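Work through the exercises below with the sequence and the model at hand. Each task is followed by its solution.

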Amino acid sequence: MELLTEVMDKGPDLTFFEVATVAAFLAFARAEVDLAVLEVGLGGRLDATNVSPPPKVAAIARVAFDHMNYLGDSLA
């Protein structure tokens, strides 16, 4: 909760996903983790996870009908 408040105080205009991503990155950095598992948001060049270094390993899950209100109602 403290990390979320810290991030929201610094960037009040961020989306929920951006706040959660920044808070996670802060938690990882402060805990000095060697490995982190990240899930991208909607993807694309403006995704909040794009600030991370290139991954050593990547996995692609099946495409489904998530976020239809943003991406439309077809898989294409």
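**Exercise 1.** State the volume of the second largest pocket and describe its lining.

Solution. In this predicted model, the second largest pocket has a volume of about 310 Å³. Next, take the lining: 13 residues form it, and T15, F17, G41, L42 and D47 lie nearest the centre of this pocket. Last, sort the lining by class, which gives six nonpolar, four polar and three charged residues.

**Exercise 2.** How do helices α1 and α2 pack, and which residues meet?

Solution. Two packed helices are described by the angle between their axes and the distance between the axes. Start with these two values: helix α1 (residues 2-10) and helix α2 (residues 16-31) pack at about 120°, and their axes are 9 Å apart. Angles of 65 to 115 degrees count as roughly perpendicular and those over 145 as roughly antiparallel, so α1 is oblique to α2. The crossing of the two helices is right-handed. Now list the contacts: from α1, L3, L4, E6, V7 and M8 meet V19, A20, V22, A23, L26, A27 and R30 of α2. Sorted by class, this contact has 10 nonpolar, no polar and two charged residues.

Technical notes
Residues numbered from 1 in each chain as written. Predicted model: local features only at pLDDT ≥ 70, side-chain atom pairs only at ≥ 80, totals over all residues. Heavy atoms only, no water. Axes fitted to C-alpha atoms, helices over the stretch in contact; angles between N-to-C directions. Helix = DSSP H or I, 4+ residues; strand = E, 2+ residues; numbered from the N terminus. Parallel < 35°, antiparallel > 145°, perpendicular 65-115°, else oblique. Left-handed = near helix turned anticlockwise from the far one by under 90°. Contact = heavy atoms within 4.5 Å. Nonpolar A, V, L, I, M, F, W, Y, C, P; charged D, E, K, R; others polar. 1 Å grid on protein atoms, 1.4 Å probe; cavity = no way out; pocket = protein on both sides within 12 Å on 5 of 7 lines; lining within 4 Å. Points joined across faces, edges and corners; volume = space filled by probe spheres on them.
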